[in-house]
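Walk me through this structure, with the cut-offs stated as you go. Start with what the terms mean, then take the contacts one by one.

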Amino acid sequence: MLKMDSHIHSEYSPDSSSKIDDIIKKAKIENIDVIAISDHNTVDGTDEVVKKTRNTDILAIPSIEISSTDGHIIGFGCEENVASNLTPEETIDKIHDLGGIAIIPHPYCFYRHGLLHKRDYKDLKFDAIETKNARFIVGYCNRKAKNLSKKENVPSLGASDAHYWKFVGDCYSLVDSQKDIDSILKAILKNKVEAHGKGTSNILLSKYLFEKNIQKKFD
């Protein structure tokens, strides 16, 4: 089984300042086999992490978190940018055209652009959902996603959604797969994946947000 964190943000996202080198360092500490830099509307972070992990034990999978008109969708396995502000249907089609799989992150989290907060899942041809996203307060949205996964046999992923490198690996997936991109994508589609991990400490998250948004103004 491979340990994978499929949703990490780097300094190429407007709401993160994490360096790729720090993300890789934390992934090694957490014994993570597979990572994906899923930055907002850009694959620039993916390009860098793929190059920097090429001769290491960590496999980096190209990825991007796309802002559709109704919520966020991860293009897992996409090496190219996908335009933002397309409909969810158009976004998912673009992801599939690029050979990726469409993952719905934090699907029911209304304050973080959760797609299934606005749209009926039955109308969308996505491939997997996050049922353990580490950035939660009470866990209701994760539980609702887990219930959907069980009811409809939708592949279930865990991911840190780390906007600060120290939170990498808080949630993760175990994937029953060979360690290459194509095998991992196929394993997810076949539901050979399990969601694991814990929520990011709200105390540490608050401290990070304070230092990022308030303290730096006085530096």
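A residue counts as buried under 20% relative accessible area, as exposed over 50%, and as partly exposed in between (1.4 Å probe, protein chains only). This is a predicted model: local features need pLDDT of at least 70, side-chain atom pairs count only at pLDDT 80 or more, and totals for chains, interfaces and linings use all residues. Residues are numbered from 1 along each chain as its sequence is written, and side-chain values use heavy atoms, with hydrogens and water left out. Helices (H or I, at least four residues) and strands (E, at least two) are DSSP runs, numbered from the N terminus.

Take the aromatic rings first. A pair of aromatic rings is described by the distance of the centres and the angle of the planes. Here rings of Phe, Tyr and Trp (its six-membered ring) pair if their centres lie within 6.5 Å; planes under 30 degrees apart are stacked, over 60 edge-to-face, and the rest tilted. That rule gives three aromatic pairs. One of them joins F110 and Y111, edge-to-face, with 5.3 Å from centre to centre and 85 degrees between the planes. F110 is exposed, because its relative accessibility is 57%. Y111 has a relative accessible area of 43%, so it is partly exposed. Elsewhere, ring pairs link Y164, W165 and F167 into a cluster.

Now the charges. Side chains of opposite charge can pair when their charged atoms come close. The working rule for a salt bridge is a side-chain nitrogen of Lys or Arg within 4 Å of a carboxyl oxygen of Asp or Glu. The structure holds 10 of these salt bridges.

Begin with K52 and D21. Their side chains meet in a salt bridge at 3.1 Å, N to O. K52 sits in helix α2 (residues 44-52) and D21 in helix α1, so the pair ties together parts that are 31 residues apart in sequence. Both ends are partly exposed: K52 has a relative accessible area of 37%, and D21 is at 46% relative accessibility.

R119 and E89 also form a salt bridge, at 2.4 Å, N to O. R119 belongs to the loop between α4 (115-118) and β7 (128-133), while E89 lies in helix α3, so this contact ties together parts that are 30 residues apart in sequence. E89 is partly exposed, with a relative accessible area of 32%.

What does K198 form a salt bridge with? Its partner is D170, and the closest N and O atoms are 3.4 Å apart. The pair links distant parts of the chain: K198 is in the loop between β10 (193-197) and α7 (202-213), D170 in the loop between β8 and β9, 28 residues apart. The ends differ in cover. K198 is exposed, with a relative accessible area of 52%, whereas D170 is buried at 11%. As for networks, salt bridges that share partners join D21, E48 and K52 into one.

D44, D47, E79 and E80 form a patch of negative charge on the surface. Patches are made of residues with over 30% relative accessible area and no salt bridge; like charges are joined within 9 Å, nonpolar side chains (Val, Leu, Ile, Met, Phe, Trp, Tyr) within 5 Å. Lys and Arg count as positive, Asp and Glu as negative; His and the chain ends are not counted. Each charge is placed at NZ of Lys, CZ of Arg, CG of Asp or CD of Glu. E79 is exposed, because its relative accessibility is 59%.

Next, the backbone. N31 has a positive phi, near 55 degrees, in a residue other than glycine. N31 is in the loop between α1 (20-29) and β2 (34-37). D161 also has a positive phi, about 50 degrees, and is not a glycine. D161 lies in the loop between β8 (156-159) and β9 (171-175). Are these two residues buried or exposed? N31 is exposed, with a relative accessible area of 58%, while D161 is buried at 1% relative accessibility.

Finally, compare sequence with space. Y108 and C141 are 33 residues apart in sequence and 5.2 Å apart in space, C-alpha to C-alpha. Y108 is in the loop between β6 and α4 and is buried, at 12% relative accessibility.

Methods. Accessible areas come from the Shrake-Rupley method with a 1.4 Å probe; for residues, only the protein chains shown count as cover.
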